[in-house]
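Here is my note on the model you sent. Please read it with the structure open.

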Amino acid sequence: ERFGISPKEYIINRRMEYAKKLLLNQQFSVSEIAEMCGYSEPCHFSRDFSKRTGLSPNKYTKENIAQIES
């Protein structure tokens with residue numbers, strides 16, 4: 001209540017922030033990142049990531065790496 005979101009939502013938000021860092025690192029596959037972020041199924045991770053960012057994990061990586069390089 002104090003933070004305006006549920007504990008579950010807080011954890012998911014933290015997982016997504018961690019996933020973004022891992023995606024930009026480009027050292028791991030989406031499946032590996034899903035597992036590292038606590039998802040047992042990569043498709044569930046991709047669905048959650050897309051829902052929260054508006055981009056698939058691969059598209060997020062491509063768009064943000066292009067911005068970093070320019």
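1. Start at the end of α1. Gln26 sits just after this helix and takes a positive phi of about 60 degrees. Gln26 is not a glycine, yet its phi is positive. Its place is in the loop between α1 and α2, the latter covering residues 30–36. Gln26 counts as exposed, at 52% relative accessibility. For the wording: buried means under 20% relative accessible area, exposed means over 50%, and partly exposed lies in between, with a 1.4 Å probe and protein chains only.

2. A word on the basis. This is a predicted model, in which local features need pLDDT of at least 70 and side-chain atom pairs count only at pLDDT 80 or more, while totals for chains, interfaces and linings use all residues. Residues are numbered from 1 along each chain as its sequence is written, and side-chain values use heavy atoms, with hydrogens and water left out.

3. Overall layout. The protein has four helices and zero strands. From the N terminus on, the order is α-α-α-α. Helices (H or I, at least four residues) and strands (E, at least two) are DSSP runs, numbered from the N terminus. The C-alpha trace spans about 40 × 25 × 20 Å along its principal axes.

4. Helix α1. It runs over residues 7–25, 19 residues in total. From first C-alpha to last, α1 reaches 27 Å, close to the 27 Å expected at 1.5 Å a residue. The expected span is 1.5 Å times one less than the number of residues. Which residues of α1 are buried? They are Ile12, Met16, Ala19, Leu22 and Leu23. Seen down the axis, these buried residues fall within an arc of 125 degrees, so they line one face of α1. The arc is that of the directions from the helix axis to the C-beta atoms. The face turned away from the buried side carries Pro7, Arg14 and Lys21, which are exposed.

5. Helix α3. Phe45, Asp48 and Phe49 are buried in α3. They cover an arc of only 100 degrees around the axis, which puts them on the same side of α3. Arg47 and Lys51 are exposed on the other side. Gly54 follows α3 and has a positive phi, near 85 degrees.

6. Look at Phe49. Its place is in helix α3. Phe49 counts as buried, at 0% relative accessibility. What does it touch, not counting residues up to four places away in sequence? Its partners include Met16, Ala19, Lys20 and Leu23. Gly54, Leu55, Ser56, Pro57 and Tyr60 are also among them. Contact here means heavy atoms within 4.5 Å. Phe49 and Arg14 are 35 residues apart in sequence and 12 Å apart in space, C-alpha to C-alpha.

7. Then Arg52. It also lies in helix α3. Is Arg52 buried or partly exposed? At 30% relative accessibility, Arg52 counts as partly exposed. It touches Glu9, Ile12, Asn13 and Met16, leaving out residues up to four places away in sequence. Arg52 and Met16 are 36 residues apart in sequence, but 8.2 Å apart in space, C-alpha to C-alpha.

8. Before α1. Ile5 lies in the segment that precedes this helix. It is partly exposed, with a relative accessible area of 34%. Ile5 is in contact with Tyr10 and Asn13, once neighbours within four places in sequence are set aside.

9. Totals for the protein. Of the 70 residues, 27% are buried. Among contacts with a separation of 6 or more, 46% come from residues 24 or more positions apart. The accessible surface comes to about 5200 Å². Carbon and sulfur atoms hold 50% of that surface. Accessible areas come from the Shrake-Rupley method with a 1.4 Å probe; for residues, only the protein chains shown count as cover.

10. Charges. The protein has 11 positive and 9 negative charges, and their mean positions are 4 Å apart. Lys and Arg count as positive, Asp and Glu as negative; His and the chain ends are not counted. Each charge is placed at NZ of Lys, CZ of Arg, CG of Asp or CD of Glu.
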